[in-house]
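Thanks for coming, everyone. I'll keep this short. Please have a look at the model first.

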Amino acid sequence: MKIFLETHNLSNRFTGFGQFNFNLLKAMSKCDLTGLEITISTVRSKDLKAELGNIFNYSTYKSITRYKFFRPRKKYDLWHSVNQNIKTEPRHNLPYLLTVHDVNFIEEKSGKQLADLKKRFEQKLNRSNAIVYISKFAKEMTHKYFTVPKVPELIIYNGSPEMPKLPEAFQPQTIPQKPFLFTIGGLIPKKNFHVLIEMMNYLPDYSLVIAGKESTPYATEVKELIKKYKLGDRIYLPGKISEDDKYYYYENCSAFVFPSLREGFGIPPIEAMKKGKPVIAANSSSIPEVCGSHAFYWDHFEASYMSDLVKKALEQYALNQESLSQNYKEHADSYSWKKAAEQYLDLYRSFS
């Protein structure tokens, strides 16, 4: 059975899609692929082949394949569009599997851009022979805004990432001088990081590290708020950080804070739990579904209320750190890339 995975987002592993594609393929490479010939699309096939070996075929992605005339000519038994934003489609009328991570664009975009995104997504839905969602929330939102064809629909949760040990004596360039809270994500409005700034006025004994890409108008707003409240000595914006930096902050933070408004799954809170750390997050989108009773939730974003919940979380954690840390780790480990890969492979075989 010949299967094509449109996975060109592999080229940027700092994004959620990049992480999803790589972790799923890495898990698949360790599964039984008997009867399956899987071709994956990637910009740098040589580099990926060095990591994953000869178990897959590699198709070099070029942006020109977004245009109909230049689409892949080879016929496959199944085409898997691994996220809802991919512009490259099959040339032929093939069995088609779509993975939906979120439909956030409905609430974030407007005008022609929104119209174009809706049209492309509707075309994907209508050609799908099966649809996978990465959370129940993603499914609910898709059904809220779109007419979904009557095809098989499945929930396949993301796995929890590996958390390798840091090199001995490793330290990032930016190290807070006080106990610190940590969060990570691109500095864009839906991440809602600005609400953390005023909150920090009520937590004078703590610093805050907000890691993520800063080249956005929203990042400028965040920086202006830091200046307004004169918190430049306690709030750090190290920008886009390395994997080792990220693991250092998870390992050494007092708690992970995540006020994001829209998440299809939300990997960062699970990464924090993987390190046994308390998570305080927004009670919105998929986050309560994914984190369950193992996180603390803000119902609104008034600064003193937010700080009170952080204090409560830290106090509870301090009273029973060993037990709670173990519970957090076990919950994070319940999300498995191996399990996700096996579910996808079973679904592929159902098309044969």
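Let's start with Gln 343, which sits in helix H13, residues 337–350. Keep in mind that this is a predicted model.

Now its surroundings. Leave aside neighbours within four places in sequence, and Gln 343 is in contact with Ile 155 and Ile 156. In sequence, Tyr 157 and Gln 343 are 186 residues apart. In space, their C-alpha atoms are 9.8 Å apart.

Next, helix H7. H7 covers residues 217–228, twelve residues. From first C-alpha to last, H7 reaches 17 Å, close to the 16 Å expected at 1.5 Å a residue.

Which residues of H7 are buried? Tyr 218, Ala 219, Val 222 and Ile 226. Look down the axis of H7: these buried residues fall within an arc of 105°, so they line one face of the helix. An α-helix has 3.6 residues a turn, so residues three or four places apart point the same way.

What covers that buried set? The cover includes helix H6, 194–199, and strand S10, 235–239.

Turn to the other side of H7. There, Pro 217, Lys 227 and Lys 228 are exposed.

One last detail, on the backbone. Just after H7, Lys 230 takes a positive phi, about 55°.

That's it from me.

Definitions and conventions. Residues are numbered from 1 along each chain as its sequence is written. This is a predicted model: local features need pLDDT of at least 70, side-chain atom pairs count only at pLDDT 80 or more; totals for chains, interfaces and linings use all residues. Side-chain values use heavy atoms; hydrogens and water are left out. Helices (H or I, at least four residues) and strands (E, at least two) are DSSP runs, numbered from the N terminus. The expected span of a helix is 1.5 Å times one less than its number of residues. Buried means under 20% relative accessible area, exposed over 50%, partly exposed in between (1.4 Å probe, protein chains only). The arc is that of the directions from the helix axis to the C-beta atoms. Contact means heavy atoms within 4.5 Å.
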